[in-house]
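This report describes a structural model, element by element and then chain by chain. The sequence and the structure are shown first.

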Amino acid sequence: MQPILEMRGITKTFPGVKALTDVNLSVMPGEIHAVVGENGAGKSTLMKVLSGVYPHGSYDGQIFFEGTERKFGSIKDSEDTGIIIIHQELALVPLLSIAENIFLGHETARHGVIDWFVAFRRTQELLKKVGLKDHPNTLITNIGTGKQQLVEIAKALNKSVKLLILDEPTSSLNETDSNALLELLKGFRAQGISSILITHKLNEVMKVADRITVIRDGKTVDMLDVTTGEVDEDRIIKAMVGRELTDRYPPRHAKVLDTIFEVKDWNVYHPLHAERQMIKNVSFHVKKGEVVGIAGLMGAGRTELAMSIFGRAYGQKISGEVKLHGKAVDVSTIPKAMDAGLAYATEDRKTYGLVLIDHIKHNVTLANLEGVSSRGVVNDLNELTVANKYRKDLAIRCSGVFQTTVNLSGGNQQKVVLSKWLFSGPEVLILDEPTRGIDVGAKYEIYGIINKLAEEGKAVIVISSEMPELLGISDRIYVMNDGRFVAEMPAKEASQEKIMRAIMKSWEN
Amino acid sequence: MTDTTVQTATKPDMMRFIKANIRDYALLLSLLAIMVFFQFTTGGTLFKPINMTNLILQNSYIVIMALGMLLIIVAGHIDLSVGSVSGFVGAVAAVMMVNWKLDPFLAVIACLALGAVIGGAQGYLVAYYKIPAFIVTLAGMLVFKGLALTVLGGASVGPFPKEFQLLSSGFVPDFTASSFNWLAILIGSAVTAAIIFFNFKERRNQQEHGLAEEPDVIFYGRNLLIAVAFLGFSYLMASYKGLPNVLIVMFTLIALFVFITTRTTFGRRVYAMGGNEKAAKLSGINTERMTFMIFVIMGTLAALAGLIFAARLNVATPKAGLGFELEVIAACFIGGAAVTGGVGKIIGAVIGAFIIGVMNNGMSILGVGIDLQQVIKGAVLMLAVFLDVYYKNKG
């Protein structure tokens with residue numbers, strides 16, 4: 001039998017990074033094909049190549065669909081051939097109805113006038129196919145995430161889909177909804193519609209997938225056939241993380257002393273959906289001079305945890321206790337959290353970290369303007385001295401501290417964010433994905449800065465989705481999943497397999 | 001941004017410097033060009049001492065409100081209510097002084113406080129309830145327009161006591177008896193000397209730290225221009241009646257706001273907030289309180305502008321303040337403020353206000369109809385913003 005989809009030798013390069021190297025993927029008609037790999041392995045990039053987000057010509061390699069080579073210039077091109085991708089972040093308009101959403105951009109219209117009766121009837125048929133009983137006029141905002149996912153699929157069916165791509169479809173669904181969704185995929189398989197399932201949940205992969213392609217560091221490392229019965233989760237995990245630790249980490253000399261930072265019974269609810277608990281009873285501590293890693297998959301709640309501790313910058317109905325040096329401290333607003341000695345360097349530098357239209361000097365002093373001012377008047381020369389000091393200490397590569405931060409590379413932007421927080425003089429630093437989107441050389445430098453902070457006696461918490469990184473720079477690792485801390489281990493005894501297993505096990509409970 | 005140039009450059013590069021600061025020069029040159037244009041077309045009327053004095057008096061309230069509006073726009077908001085608020089405060093002032101015979105000094109204090117409260121109320125809704133400033137101040141615009149009518153009972157109230165009129169029509173008394181006002185020359189020279197002294201001091205400071213990027217020619221040329229402009233202006237003022245009281249108020253406020261925006265933590269935080277509110281908030285800046293504060297400042301300035309306008313007309317009318325908000329907002333955008341926030345300069349807004357003022361004045365002298373005046377002012381605003389956007393996109 002001919003594969004319905006074949007991607008041959010796909011290579012995709014971004015400035016400075018090779019995201020995909022010679023990746024191959026083939027999907028048979030009527031097959032559920034799982035694509036698995038760590039965060040950042042290149043799964044999403046591969047799907048963007050396939051769906052035309054990265055148009056033909058911006059990558060090397062060939063895509064064959066139904067036997068002919070395809071050169072997609074846009075998402076519309078791929079959709080027209082029957083390849084439909086459903087993203088992790090749903091692309092539905094919350095204040096429009098189910099029917100309006102399904103026909104958005106493909107309205108059943110004659111001369112621009114919509115025939116709502118046709119749309120309505122079609123929607124009912126489609127909803128029946130995906131097992132939804134809601135009225136087509138229900139607003140999207142009034143149905144749960146699970147049902148929204150089904151509406152997305154109904155929308156795909158309306159476009160006569162031949163290959164359905166689902167990116168982490170069950171990450172925000174509960175058990176029942178997840179199972180219903182997987183059953184639906186099986187139903188499609190019976191009708192001859194192929195699916196590509198991208199997921200972290202290996203138990204789901206084992207449940208429904210026919211074959212599995214494993215991607216690691218932008219390369220295809222394995223193609224497993226589940227139907228032979230010789231594949232189990234351990235085998236997949238091994239293929240996913242089986243890299244040798246060739247990344248280099250600077251030597252560490254920090255002395256770990258007494259506990260200085262403690263969080264007890266921390267509970268947080270979603271800022272909009274008050275009934276959704278995002279952080280569930282989390283307790284942890286960090287010692288002076290210690291680097292603590294928080295591992296977990298995307299959506300585990302790590303950023304939410306950090307931001308809720310840092311002056312309640314996230315969530316509502318927050319309860320729990322934060323202690324510094326054994327004494328309870330008030331961290332109910334960001335200025336209070338900073339006064340208590342906390343700093344939080346965000347995972348999203350551009351949105352939450354930097355004033356991009358302003359230069360390095362102003363960004364460095366932003367969180368501690370008092371440090372370069374007297375009675376509300378900024379002392380320009382003091383400020384300049386401070387900015388230049390951090391520029392030198394952290395080796396920020398720029399034409400000068402008057403360079404606008406938008407023009408810096410990711411690594412140097414990150415160093416500016418770190419400078420800002422170092423200048424605020426914290427005792428506890430929470431670094432959220434400090435090396436995301438940064439090249440290997442700059443990563444090494446950031447690790448060096450983290451080590452130096454620990455040596456200076458600070459308590460450092462690092463949130464990272466790159467497990468080798470956590471293993472390389474932490475003293476101790478907490479594993480987080482679904483809003484809970486599910487495991488704690490000294491970094492020496494930890495391994496990627498152990499972390500993955502802790503995550504997978506917590507899902508089964 | 002003007003100061004993005006390279007710090008390590010040892011040899012200042014003239015062309016690059018001009019290029020990096022083109023926006024500021026273009027703005028100043030536009031004002032000069034417009035002035036020269038009207039000087040010729042009006043047959044020399046524009047620069048006549050009496051006309052210059054009038055120009056200051058006519059535009060002072062727009063300039064004063066533009067100072068606050070610039071903060072608001074830099075912070076990423078807008079205030080549509082300033083015209084109505086200034087009219088309303090003028091009306092209240094008239095009722096206090098004319099009907100209730102309240103002491104003018106007390107009345108002025110009370111009116112400024114009233115402006116602060118109005119600004120604070122609107123700012124509170126914007127800052128803490130996150131209602132868009134556009135909506136809040138649009139409502140404010142309607143409310144205070146109506147309240148001004150109510151307070152005045154639909155009629156004009158005046159005239160004001162003598163002391164209060166001095167706010168707008170008074171001049172700083174001269175110490176000599178001659179018809180030429182030597183005090184104006186003295187103050188003008190002192191201010192000129194002070195500005196040039198500080199410019200040189202800053203430049204020396206920059207040079208010591210290898211930061212001087214402005215080429216010598218431009219630096220000296222700029223200072224010479226400042227000296228000529230200020231001294232020439234004082235001479236013009238001196239040969240009429242001297243320095244108007246309003247000019248002193250306006251100049252002090254401009255200096256204060258330049259200081260606030262460039263040198264204080266408060267000013268820095270306003271720019272940071274407008275540049276990226278989320279990042280500012282996560283850096284420990286109380287963005288709600290900042291927003292509240294700038295609306296209080298704006299309200300106070302609108303009140304002051306209303307008082308000056310009322311004192312100038314010597315009567316409070318229900319129509320006072322009508323359309324002021326448009327000129328004030330236009331001044332800020334012509335002056336280079338960005339709609340998206342985070343960008344803008346006080347001096348830019350002041351020059352923007354004077355560009356509008358000179359055009360109003362010049363066109364009126366020429367007898368251009370009010371209809372055509374509107375069209376031309378609108379076109380100038382569009383052109384200024386268009387050039388901004390165009391050059392920004394071009395990189």
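## Helix α4 of chain A

Helix α4 of chain A (residues 116-129) has 14 residues, which at 1.5 Å a residue should span 20 Å, and the 20 Å between its end C-alpha atoms agrees with this. The expected span is 1.5 Å times one less than the number of residues. Helices (H or I, at least four residues) and strands (E, at least two) are DSSP runs numbered from the N terminus. The model is a predicted one, in which local features need pLDDT of at least 70 and side-chain atom pairs count only at pLDDT 80 or more, whereas totals for chains, interfaces and linings use all residues. Residues are numbered from 1 along each chain as its sequence is written, and chains are lettered from A and ligands numbered from 1 in the order in which they are written.

Ala119(A), Thr123(A), Leu126(A) and Leu127(A) are the buried residues named in α4(A). They cover an arc of only 95° around the axis, and therefore lie on the same side of α4(A); the arc is that of the directions from the helix axis to the C-beta atoms. An α-helix has 3.6 residues a turn, so residues three or four places apart point the same way. On the other side of α4(A), Phe117(A), Glu125(A) and Lys128(A) are exposed. A residue is buried if 20 or more other C-beta atoms lie within 10 Å of its own, exposed if 12 or fewer, and partly exposed in between, with C-beta atoms placed from the backbone. The packing partners of the buried residues of α4(A) are α3 (98-102), β8 (113-114) and α5 (145-158) of chain A. Just after α4(A) comes Gly131(A), with a positive phi of about 75°.

Helix α1 of chain A (residues 43-51) is mostly covered, with seven of its nine residues buried. These are Lys43(A), Thr45(A), Leu46(A), Met47(A), Val49(A), Leu50(A) and Ser51(A). Gly52(A) follows α1(A) and has a positive phi, near 90°.

Asn388(A) is located in helix α13 (residues 380-393) of chain A. With 18 other C-beta atoms within 10 Å, Asn388(A) is partly exposed. Asn388(A) and Glu433(A) are separated by 45 residues in sequence and by 25 Å in space, C-alpha to C-alpha.

## Domains of chain A

Chain A is assigned domain 1 (5-241), domain 2 (246-341 + 426-509) and domain 3 (352-423). Such bounds come from an automatic or database domain assignment. Between domain 2 of chain A and domain 3 of chain A, the C-alpha centres are 25 Å apart. Their contact takes eleven residues from domain 2 of chain A and eight residues from domain 3 of chain A; two residues are in contact if their C-beta atoms, placed from the backbone, lie within 7 Å.

On the side of domain 2 of chain A that touches domain 3 of chain A, helix α15 (residues 440-455) of chain A gives the most, with four residues. By class, this side of domain 2 of chain A has eight nonpolar, one polar and two charged residues. Here Ala, Val, Leu, Ile, Met, Phe, Trp, Tyr, Cys and Pro count as nonpolar, Asp, Glu, Lys and Arg as charged, and the others, Gly among them, as polar.

## Overall form of chain B

The secondary structure of chain B consists of 16 helices and zero strands. Chain B has a radius of gyration of 21 Å, close to the 21 Å that the globule rule gives for 395 residues, so it is as compact as a globular protein of that length. The radius is taken over C-alpha atoms, and the rule is 2.2 Å times the number of residues to the power 0.38. The C-alpha trace of chain B spans about 65 × 60 × 40 Å along its principal axes.

Of the 395 residues in chain B, 44% are buried. Among contacts in chain B between residues at least 6 apart in sequence, 80% join residues at least 24 apart.

## Domains of chain B

Chain B is assigned domain 1 (47-170 + 244-390) and domain 2 (172-243), and the C-alpha centres of these domains of chain B lie 27 Å apart. Nine residues from domain 1 of chain B and seven residues from domain 2 of chain B form the contact.

## Contact between the chains

The contact between the chains takes 25 residues from chain B and 32 residues from chain A. On the side of chain B that touches chain A, α11 (265-275) and α12 (277-282) of chain B each supply at least two residues. The largest share of that side, five residues, comes from α11(B). The residues of the side of chain B that touches chain A comprise seven nonpolar, 13 polar and five charged.
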